[in-house]
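This briefing concerns charged side-chain contacts. Please view the sequence and the structure below before reading on.

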Amino acid sequence: MSTCSVSKGCFVFKPSSKKRRKSSPTADYFSEGKNDSEDSGLRFATCQLLWNQINSETKKIQEELNKQLFDNLISFLRQSDTEFQTKKIEWMCRMKSSEIPTAALVLGVNVTDHDLTFKSLSEVLQDNVTPYVVSLEAKECPGIKHLLQKLMGQLMDCCIDVDSSEEEDCVKISQKKIRCSMASLSKWYESVTKKTGSETPSKKRTSSSRHWQSPPIVVIFKDMESFTTKVLQDFIVMSGQHIHEFPLILIFGIATSPMIIHRLLPQSISSLLCIELFQSLSCKEYLATVIDKLLLTTQFPFKLSEKALQVLINIFLYHDFSVQNFIKGFQLSIVEHFYSQPLSVLCCQLLEAKKRVNSLSHSQCENIRSLPSFRRYVESQVSEKQIALLTEDNFLKEVTQTLLEDLHIYHENYFPVLRCLHVFTASLPKYPLGKQVRELHCACLGRRVWETEEYGSAVQLMRMLAKAELMAILQKCVEIFTSSSGKQFSNTIEKLEEFLARFQNLEVAETSEVQDVSVSTQKEFQKKTDLYHLQKTLLELKESKRSKKLTKFEMLRSEVVDFIDSLVRSYLVPAEMQPLNEVVYFNTANILREHLNAAPRIALHTALNNPYCYLKNQTLKSDTGCISNTAPDICIVYKLHLECGRLINLVDWLEAFSTVVTAVEGTDPASVATDQVDEIIHARFIRAVSELELLGFIKPSKQKTDHVARLTWGGC
Amino acid sequence: MPNFEHPAYPEATLLHLESMVPCRESQVSSLLSIFGERQHFTFPSIFIYGHTSSGKTYVMQTLLETLELPHVFVNCVECFTSRLLLEEILSKLQSLSSENKHGSHVPCDTFNDFVRLFKQETKDLQDQTVYIVLDKAEQLREMEANVLPGFLKLQEMSDRNVTVVFLSEIVWELFRPNTGCLEPFTLYFPDYSIGHLQKILSHYHPPEYSADFYSAYINILLGVFYTVCRDLKELRHLAVLNFTKYCEPVVRGEANERDTRRLWKNIESHLKKAMQTPTTSQKTYLQWLSAHAHVELPYYSKFLLIAAYLASYNPARTDKRFFLKHHGKIKKTNFLKKHEKTSNHLLGPKPFPLDRLLAILYSIVDNKVAPTANIFSQITSLVTLQLLTLVGHDDQLDGPKYKCTVSLDFIRAIAR
């Protein structure tokens with residue numbers, strides 16, 4: 001149990017006498033305080049469905065990304081297993097000092113993601129290799145004793161898992177006080193393998209198909225960095241003694257760099273290990289895949305606006321590198337969107353959405369009318385239609401259906417063109433529009449990308465691409481368009497293929513032409529020999545080059561670039577321009593920032609400096625600067641202390657406090673005149689000061705008597 | 001003519017023993033003379049010390065096994081508490097004296113119990129000296145204070161014919177308890193010389209090649225590696241790893257087994273390369289290491305680490321000068337005190353408070369940094385990644401102090 005107390009001590013918890021109130025289902029929170037006309041139930045169901053889809057998609061992505069790593073690991077395990085089998089026979093293996101096969105798994109600094117990786121790793125190992133997988137965390141193993149206890153405990157549980165018929169035996173073992181030593185471990189291993197060996201043949205077949213003959217014991221150290229040196233060293237020395245008796249494989253989870261092994265283990269110990277390194281995919285690539293599969297697709301109707309996406313990406317890049325947190329943030333934005341936007345009921349697959357439009361209530365129709373993007377749309381219509389849209393619900397519903405379809409088509413076009421443009425910009429020097437597709441996506445979401453300076457310079461650079469590059473890029477674009485589902489790209493594909501064909505034809509024509517030009521100029525040079533004429537011809541040559549006697553290639557190139565430019569202008573319109581974009585786009589980035597990137601110091605300061613912000617009490621509403629006397633004592637004390645220097649005189653502080661407090665309550669000048677401070681005020685002051693001390697703003701000082709030291713700076 | 005002479009044991013056994021322990025003849029013969037005959041009482045305790053892989057454990061084990069003396073061999077690292085150690089000794093004694101191998105588990109909590117149970121167990125072995133060998137005896141110092149003196153006086157306390165042998169890598173002086181104790185007989189195992197190594201390594205030649213061929217190979221190997229590595233275990237490992245390479249010309253039929261010169265040419269470059277990584281047990285892995293030493297960090301973590309580095313290696317007085325725009329004039333002369341003229345990098349990192357770290361962070365990051373919870377949690381995660389260390393107690397809530405533990409090269413790589 002946890003307490004809210006910051007101090008250490010013994011806390012007594014009485015069991016709550018009443019049974020806990022039946023927790024209300026989550027769905028109720030959606031409808032709380034809102035009338036039911038806004039489809040809160042349906043919204044909740046849609047939200048759940050969408051999240052489940054996305055969740056399973058992310059799991060799939062993770063599995064795919066980890067597959068390579070796990071396959072490598074398993075083949076390493078297999079290799080060391082065969083080595084263990086043959087060890088007793090060969091001279092070479094006998095002579096070699098026996099080493100413990102060790103896999104060092106470098107996973108990157110995104111520690112929060114590791115848990116999932118290890119979980120799936122141990123599942124994979126348990127399915128394919130061995131039932132005896134143990135994962136250890138540093139905080140569970142402060143000493144070698146705890147480590148062995150944990151190890152044995154987990155192994156005994158494995159034993160129960162593997163065949164339930166022998167459960168009784170195992171329970172007996174675990175009920176006996178296990179002697180935690182390597183000797184008993186090897187004895188246990190012997191007994192377990194013997195048991196499986198003497199099983200009935202049918203059973204044996206099933207088990208051997210899944211696991212290897214002598215399944216190794218795999219010990220995973222989840223966070224290598226946090227283990228103490230002594231524990232690790234002792235464990236390795238001990239297992240080095242027993243490696244002949246049972247196969248043991250260690251897996252080190254490393255967050256920083258493999259050098260940590262050498263910092264933790266001295267030469268004499270690390271020479272007992274046969275270390276092989278494995279590197280997982282970098283978290284940035286992981287994020288790129290996640291964004292690619294979750295955001296840059298029409299598969300899921302929900303979309304993030306530029307600002308919200310930027311917040312999530314910034315948290316990732318600036319703070320934690322954790323893809324799990326990114327996905328959590330994405331989940332939060334989904335929930336928030338469905339909770340706060342009544343029209344999010346339409347945020348589902350197109351056919352379903354069209355159906356739902358028909359059953360919209362009147363208040364929902366009003367909601368549509370009040371959308372800024374819809375208003376813009378109405379204003380652009382002729383006046384009769386405007387009136388119809390604003391008054392007739394049925395007509396509105398029809399228009400909404402077509403608008404939703406338009407939005408869907410917009411997305412279908414948007415993503416292929418975005419990828420196509422990214423293929424172009426990713427090959428440019430200095431990446432004016434960003435290296436990653438997500439940066440380009442953000443740029444296109446926010447504003448008309450073709451109006452930006454970066455786009456201008458990108459187009460300039462595109463006009464300087466070499467032929468080979470350009471052809472490769474065009475080829476890629478064709479692939480992107482053919483793989484996309486949109487039907488309206490058949491023209492585009494044709495056009496691109498035509499460009500490609502023309503580039504190829506050019507090759508033949510160009511070589512002859514170039515020769516022509518060079519021959520003619522050379523002739524001219526040979527004819528004129530005096531300085532004046534030479535100068536003149538050179539100038540002419542220069543002039544002609546500048547004024548563009550464009551080669552065919554250059555003409556074709558600019559044609560291609562113009563074509564791409566036209567694609568961008570017609571398809572990469574920012575989403576905010578689309579009517580009804582609020583239905584699928586989540587754009588309150590502030591909420592995300594508040595929840596995901598909390599600033600405790602700032603919140604504390606606001607609470608103390610401006611209590612109205614949290615208490616919402618009208619009497620507290622005041623101009624900043626002056627000190628209200630109705631504010632809680634601690635706020636008054638806090639504000640007064642902001643005006644002091646590093647050391648605060650308690651007496652002065654008390655006087656100031658009592659002045660402020662009495663200025664409200666007693667207007668009697670006579671009582672103020674007396675020097676004596678009211679005892680109650682004194683007590684209130686002391687309590688407020690000690691509260692400030694608890695919050696860490698001040699601490700008692702030994703430099704001067706009756707003074708406290710400020711622990712914060714600034715704020716005057 | 002056997003080196004070892006002892007009336008109690010048959011000559012054949014002694015000869016066999018001699019062949020088993022090359023280059024340790026003098027130690028073994030002195031041990032033999034100390035042990036005396038089976039029923040003789042000897043020293044209550046013997047302390048054997050010497051460097052890693054100087055053959056302490058191996059010699060002791062072979063000696064006791066070939067002479068078939070009743071003994072118990074225990075590794076003190078494995079038995080990390082006194083209870084485990086004592087129980088381990090008792091259970092091994094049990095299997096020694098009685099026929100049934102799986103002796104029942106005897107609970108034994110204190111040394112007093114141990115002495116009592118020990119007397120019971122050794123009743124049948126009255127006429128022979130029982131040897132208890134404690135390998136890696138350094139660990140005994142970390143157990144209860146009575147364990148080491150207890151073992152030293154076990155003979156006297158139990159009134160049995162028993163000798164305790166301690167094997168250790170450190171000298172006896174570091175063991176001696178404050179309260180005084182019975183001094184053991186100490187015996188030093190010196191390091192193997194190059195000649196010894198040559199002899200021992202060639203002793204175990206592979207069956208398919210002649211001893212001469214293998215010893216020529218060992219000669220080459222030692223010539224290359226002796227300067228960097230004298231550990232017998234590792235040398236043996238190296239010898240095995242590189243032997244196939246050495247044999248290649250012979251296997252292909254290009255060279256004769258006697259053609260040492262040719263074989264030397266073939267292996268030389270290979271061994272030189274292997275020498276770059278003396279611990280070849282880690283294979284090509286050191287090269288891999290340098291390639292992957294770089295750590296990717298989030299944006300603010302990088303700045304936090306750089307700030308921490310600056311705070312660790314710059315004196316706090318200079319902060320104002322380095323991180324404020326208008327710091328006023330500072331006289332260049334006598335700016336540094338004498339002791340500060342030595343490079344701060346030689347002195348190692350100094351602890352700094354959290355506030356200073358944050359202040360430096362705010363001044364080195366270009367745009368404004370909000371002190372969000374994420375920044376603070378990043379500091380903690382840097383600590384768990386061992387890039388920073390917390391100085392003082394973990395539970396200190398106000399004003400925690402940190403140290404930066406990364407090197408200048410690391411910071412340079414990050415700052416790029």
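**Salt bridges in a predicted model**

Arg116(B) and Asp113(B) form a salt bridge, with their closest N and O atoms 3.5 Å apart; the term denotes a side-chain nitrogen of Lys or Arg within 4 Å of a carboxyl oxygen of Asp or Glu. This is a predicted model, in which local features need pLDDT of at least 70 and side-chain atom pairs count only at pLDDT 80 or more, while totals for chains, interfaces and linings use all residues. Residues are numbered from 1 along each chain as its sequence is written, chains are lettered from A in the order in which they are written, and side-chain values use heavy atoms, without hydrogens and water.

**Chain B**

- Both Arg116(B) and Asp113(B) belong to helix H5, three residues or about one turn apart (helices are DSSP runs of H or I, at least four residues, numbered from the N terminus).
- Arg116(B) is partly exposed at 44% relative accessible area (partly exposed lies between buried, under 20%, and exposed, over 50%, with a 1.4 Å probe and protein chains only).
- Asp113(B) is likewise partly exposed, at 23%.
- A salt bridge of 2.7 Å, N to O, joins Asp109(B) and Arg83(B).
- Asp109(B) sits in the loop between helices H4 and H5 and Arg83(B) in helix H4, so the pair ties together parts 26 residues apart in sequence.

**Chain A**

- Asp292(A) and Arg419(A) meet in a salt bridge of 2.8 Å, N to O.
- Asp292(A) lies in helix H12 and Arg419(A) in helix H19, so their contact ties together parts 127 residues apart in sequence.
- A network of salt bridges links Asp115(A), Glu137(A), Lys139(A) and Lys222(A).

**All chains**

- The structure holds 26 salt bridges over all chains.

Definitions and conventions: Helix = DSSP H or I, 4+ residues; strand = E, 2+ residues; numbered from the N terminus.
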